[in-house]
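Here is a friendly briefing to read alongside the model. Have the viewer open as you go through the points.

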Amino acid sequence: MSQEQPKRHTNQEPIKYGDVLPVSGDLAQKPIAPEDAAMMQSAESRVLGQTQPGGVASVMQAAATKNEQAGIVGHKDVTDVTGDRGVTVTETQLPGRRIVTESVGGQVVGQFVEPTPLQCAPTSPVRESALTIGEALEATSYTVGQKPVEQSDAAAIQAAEVRATGSNVITPGGLDSMAQSAAAFNADCPREDEKIKLSDVLTGATAKLPADKAATRQDAAGVASAEMRNSPDATATPGGVAASVAAAARLNESVTNVM
């Protein structure tokens, strides 16, 4: 962490990334620094037009302010992980909606879906279509596409395909079989750069499904359950398959409620 000035001794515990955001590894143990929060505020403003109330940037700012007031960090301090890998806010545009993903040090810490206006002729009112399970899977290829496929991912993809198609029959060459093969290959692959990534399986997911349907809260719960049951730490990947299906289901409910 860069040193602006000597820190005064304090018995107060720092607010670390792992205390307020879904991160792991070294980042989870790092105190949130003012420059980290400033970078996230800038990224949110650039993509979203403003800092989101109660969003990732505001959470980081509140934590950084308390750490600075306690003398744990200096005003110009930046965490080494974020200094090296940065913070990002990205958007994936889909018809009638966009998926916004926020990351710190390469780890997804927030994701939400926003409806966007659809272009249509003035005399042809268009009812906004629901986000499908296939589209949610495609969104995963953007948010965590470089993540190697693990058994938890394969299980989530299988559950998503079953719910999208309404069939338990595995389609040869379909998403489920591709994901299971990828997870098995990766388990025995010693080189990280040779492992099959989620983007290899989920890019163009909608076209690979024999049938598709709008994502619902029940679908999201089923996919999340499958992913967590097959995860070594019983958690779902932030921005992963379960998170994307859940985001799609939330958007579909919000669209239905305003109609």
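**Around Thr 82**

Beyond its neighbours within four places in sequence, Thr 82 makes contact (heavy atoms within 4.5 Å) with Tyr 17, Asp 36, Met 39, Val 87 and Val 104. This is a predicted model, where local features need pLDDT of at least 70, side-chain atom pairs count only at pLDDT 80 or more, and totals for chains, interfaces and linings use all residues. Residues are numbered from 1 along each chain as its sequence is written, and side-chain values use heavy atoms, with hydrogens and water left out.

- Thr 82 sits in helix H4 (residues 80–85).
- With a relative accessible area of 1%, Thr 82 is buried (under 20% relative accessible area, 1.4 Å probe, protein chains only).
- The side chains of Thr 82 and Asp 36 are joined by a polar contact of 2.9 Å.

**Helix H2**
- Helix H2 (residues 34–48) has 15 residues and spans 21 Å from first C-alpha to last, close to the 21 Å expected at 1.5 Å a residue.
- Asp 36 is among the buried residues of H2, as are Pro 34, Ala 37, Met 40, Ala 43, Glu 44 and Leu 48.

**The largest pocket**
- The largest pocket holds about 650 Å³ of space.
- Of its 24 lining residues, Ser 24, Gln 107, Val 108, Thr 237 and Pro 238 lie nearest the centre of the largest pocket.
- Strands E1 (87–94), E2 (97–104) and E3 (107–115) and helix H5 (133–143) each give at least two residues to this lining.
- The lining comprises 8 nonpolar, 12 polar and 4 charged residues.

Key: Helices (H or I, at least four residues) and strands (E, at least two) are DSSP runs, numbered from the N terminus. The expected span of a helix is 1.5 Å times one less than its number of residues. Buried means under 20% relative accessible area, exposed over 50%, partly exposed in between (1.4 Å probe, protein chains only). A polar contact is a pair of N or O atoms within 3.5 Å; within protein, one must be able to donate a hydrogen and the other to accept it, and residues adjacent in sequence count only if both atoms are side-chain atoms. On a 1 Å grid over the protein atoms alone, a cavity is a set of points where a 1.4 Å probe fits but cannot get out, and a pocket is an open set with protein on both sides within 12 Å along at least five of seven lines; lining residues have an atom within 4 Å of a point. Grid points are joined across faces, edges and corners, and a volume is the space filled by probe spheres set on the points. Ala, Val, Leu, Ile, Met, Phe, Trp, Tyr, Cys and Pro count as nonpolar, Asp, Glu, Lys and Arg as charged, and the others, Gly among them, as polar.
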